[in-house]
Amino acid sequence: MNLRRDVFQAIADPTRRAILLLVASQAMTAGAIAANFDTARPTVSKHLAILTECELLQQEQNGREIYYHINAKNMKEVADFIEPFRQMWDDRFNKLEAVMKNYKSKK
Amino acid sequence: MEQKTKVHAEDGKQEITITRDFDLPVDLLFKAYVEPEFIEQWMNTKVLKQESKKYGSWEYETRDPKGNVAFVATGVIHELIPDQKITRTFEMGGTPFGVQLELYYFEAVTEDTSRLRMHVIYESVAQRDQVLKLPFAQGINWAHNRIEEVLGKLK
């Protein structure tokens with residue numbers, strides 16, 4: 001786990017992308033982040049550790065709580081935000097393919 | 001595994017290319033782009049107007065589950081060659097993203113498979129980058145909705 005992880009690997013996972021989206025609007029505690037997912041809490045913690053390791057998230061101590069906030073400067077490269085865009089089109093095209101296959105089979 | 005959908009966007013350019021291989025004959029792929037019945041299904045939108053011909057115009061409207069208009073997209077078709085090419089403009093109403101010029105190239109790979117290449121040109125590099133970030137923005141709204149849901153349950 002000491003290996004510095006690749007940003008691409010970090011954002012390839014849908015849960016990690018969702019975490020980034022959540023935290024993009026405001027700093028949140030691990031508990032508040034986990035409340036947004038059906039996944040088990042330790043799984044969310046693991047995702048947070050990976051995102052922190054590759055410096056997409058930063059931790060900040062505030063009293064007894066640790067808040068996670070987004071490290072905006074690492075999110076600015078086109079390469080970093082293109083993957084969600086690609087996924088969106090991939091989903092859309094998958095739907096197109098399914099709709100037309102369905103039509104073809106009914107003909 | 002090779003990705004089915006590829007997006008090519010170079011830093012500092014005002015265009016992108018999206019390429020996708022389909023397990024569909026080219027005529028069916030083309031149909032998905034010109035017939036309202038199919039557009040509505042795969043784009044998950046309402047087609048208010050779709051004149052699939054040279055200089056025809058088109059208008060789509062998407063509503064959220066509450067029935068409010070979420071977005072309106074409009075444009076004009078400049079060229080339409082069946083099973084080969086569509087050139088059209090695209091503009092999302094009420095957004096600062098400007099007008100996009102979209103060129104769709106349809107190509108048969110085999111009798112049952114086809115390829116789509118979508119070349120999109122934006123008004124500026126800044127606008128292109130904003131659109132690329134859109135899914136992130138949508139995701140944030142989605143996250144906000146989830147938060148509202150969670151908070152709503154606590155009340």
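Visitor: How many bridges join β7(B) to β8(B), and do the strands run parallel or antiparallel?

Guide: Strands of a sheet pair through backbone hydrogen bonds, either parallel or antiparallel. Two strands count as paired if DSSP finds at least two bridges between them; strands (E, at least two residues) and helices (H or I, at least four) are DSSP runs numbered from the N terminus. Here β7(B) and β8(B) run antiparallel and are joined by eight bridges. Y105(B) has R117(B) in β8(B) as its bridge partner.

This is a predicted model, in which local features need pLDDT of at least 70 and side-chain atom pairs count only at pLDDT 80 or more, while totals for chains, interfaces and linings use all residues. Residues are numbered from 1 along each chain as its sequence is written, and chains are lettered from A and ligands numbered from 1 in the order in which they are written.

Visitor: What is the order of the strands in the open sheet?

Guide: The eight strands of chain B follow the order β1-β2-β8-β7-β6-β5-β4-β3, with antiparallel pairing. β1(B) and β3(B) (46–50) stand at the edges with a single partner strand each, so one side of each has no neighbour in the sheet. Neighbouring strands are turned by 20° against each other on average, direction ignored; axes are lines fitted to C-alpha atoms, for helices over the stretch in contact, and angles run from 0 to 180 degrees between N-to-C directions.

Visitor: Which residues of β2(B) are on its covered face, and which on the uncovered one?

Guide: In a regular strand the side chains alternate between the two faces of the sheet. In β2(B), residues 15–22, the covered face holds I16(B), I18(B), R20(B) and F22(B), and the uncovered face holds E15(B), T17(B), T19(B) and D21(B). T17(B) stands opposite H8(B), and its bridge partner in β8(B) is H119(B).

Visitor: Which residues touch the most other members of the largest nonpolar core?

Guide: A nonpolar core is a set of buried Ala, Val, Leu, Ile, Met, Phe, Trp, Tyr and Cys residues joined through C-beta atoms within 7 Å. Buried means 20 or more other C-beta atoms within 10 Å of the residue's own, exposed 12 or fewer, and partly exposed in between, with C-beta atoms placed from the backbone. Among the 19 residues of this core, M100(A), L29(B), A32(B) and F106(B) touch the most other members. α5(A), α1(B), β4(B), β5(B) and β7(B) each give two or more residues to it. The largest share, five residues, comes from α1(B).
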